[in-house]
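Hi,

Here is the structure I promised to pass on.

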Amino acid sequence: MAPPKSVAKKVAAAPGAKKAAAKAVNPLFEKTPRSFGIGGDIQPKRDLTRFTKWPEYVRLQRQKTILRQRLKVPPAINQFSKALDKNTATQAFKLLSKYRPETALEKKNRLTAAAEAKAAGSKVETKKPVVVKYGINHITALVESKKAQLVLIAHDVDPIEIVVWLPALCRKMGVPYAIVKGKSRLGTVVHKKTATALAITDVKAEDKHELAALVSAIKTNFQEKNEETRKQWGGGIMGRKSNEKMAKRAKIAAREAA
């Protein structure tokens, strides 16, 4: 004997319920939905940045940035994250550009001209050029002998140990200093790829007022302004997940304490 067929019961509509109005379909436009299965339509363009395998140097510099945020940074290193403001830095580089050292070609031309003059029997006058000094050992000697009137240090020197002690030495010897953005920017002044630090020892008479104004601005806008912040630790900034986890723990602890 066959089992009885189950008949689905129709549920009565709720009283007062409105029937959905049938949407008018234009017969001239046929609906053709896309199929994104295998062998179907072309897949839409997606942002695959997250799945890209980046070059190793990109991954390393990104990981380094995150590590610098997470780890606690000692004050001696953290001070390099506070650079001189843009206006004062522009003023400093404008002065530095007037005292750029000569290039190899300019030196060759000068020595050739001097040799020709000497061969001709005329007297050659040589004056010591007034230029920007560079090279970490040279600058150290100038600061220790208090000959440097202003020292500019790059904020992104790697390894940082090369210049980490220089601000403390400048403060001890009473030499005005500032940390500026870009070792490559400092290097451009002295015709090099990069430079860790630059020093001004002397300027021409017409630029003495400009140097005095610059030193005063650096003392006000950098040294006095960052006097307290240079003693503070940096880093210790956790990610979103860690912050949420710590907030959750604090909430539970507060609830248990109540």
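Arginine 62 puts its charged end over the ring of tryptophan 54, at 4.5 Å from the ring centre. Do keep in mind that this is a predicted model.

There is another arginine over a ring: arginine 185 lies over the face of phenylalanine 93, with 4.1 Å to the ring centre. Arginine 185 belongs to helix H7, residues 183–189, and is partly exposed because its relative accessibility is 38%. If you skip the neighbours within four places in sequence, arginine 185 is in contact with Ala89, Thr90 and Phe93. Its C-alpha atom is also 8.6 Å from that of alanine 154, a residue 31 places away along the chain.

Now the charges. Side chains of opposite charge can pair when their charged atoms come close. How many salt bridges does a search of the whole structure find? The count is 8, and the ones below are those I'd look at.

Start with lysine 98. Its salt bridge with aspartate 207 has the closest N and O atoms 3.2 Å apart. Lysine 98 is in the loop between helix H3 (86–97) and H4, while aspartate 207 is in the loop between strand S5 (197–200) and helix H8 (208–224), so this pair ties together parts that are 109 residues apart in sequence.

Lysine 98 also forms a salt bridge with glutamate 210, and here the closest N and O atoms are 3.1 Å apart. Glutamate 210 sits in helix H8 and lysine 98 in the loop between H3 and H4, so this bridge ties together parts that are 112 residues apart in sequence. Put together, Lys98, Asp207 and Glu210 make a network of linked salt bridges.

Which of these are buried and which partly exposed? Aspartate 207 counts as buried because its relative accessibility is 7%. Lysine 98 is partly exposed, with a relative accessible area of 44%, and glutamate 210 is partly exposed as well, at 23%.

One more salt bridge joins arginine 110 to glutamate 102, with 2.8 Å between the closest N and O atoms. Arginine 110 is partly exposed at 41% relative accessible area, and glutamate 102 is partly exposed at 35%.

After H4 comes glycine 121, which has a positive phi near 95°.

Beyond its neighbours within four places in sequence, threonine 88 is in contact with Leu214, Ala217, Ile218 and Asn221.

Last item: aromatic pairs. The count comes to 1. The ring centres of tyrosine 177 and phenylalanine 222 are 5.9 Å apart and the ring planes are at 85°, so the pair is edge-to-face. It links distant parts of the chain, with tyrosine 177 in strand S4 (residues 177–180) and phenylalanine 222 in helix H8, 45 residues apart. Both tyrosine 177 and phenylalanine 222 are buried.

Cheers

Definitions and conventions:
Residues are numbered from 1 along each chain as its sequence is written. This is a predicted model: local features need pLDDT of at least 70, side-chain atom pairs count only at pLDDT 80 or more; totals for chains, interfaces and linings use all residues. Side-chain values use heavy atoms; hydrogens and water are left out. Helices (H or I, at least four residues) and strands (E, at least two) are DSSP runs, numbered from the N terminus. Buried means under 20% relative accessible area, exposed over 50%, partly exposed in between (1.4 Å probe, protein chains only). Contact means heavy atoms within 4.5 Å. A salt bridge is a side-chain nitrogen of Lys or Arg within 4 Å of a carboxyl oxygen of Asp or Glu. Rings of Phe, Tyr and Trp (its six-membered ring) pair if their centres lie within 6.5 Å; planes under 30 degrees apart count as stacked, over 60 as edge-to-face and the rest as tilted. A charge sits over a ring if NZ of Lys or CZ of Arg is within 6 Å of the ring centre and within 35 degrees of the ring normal.
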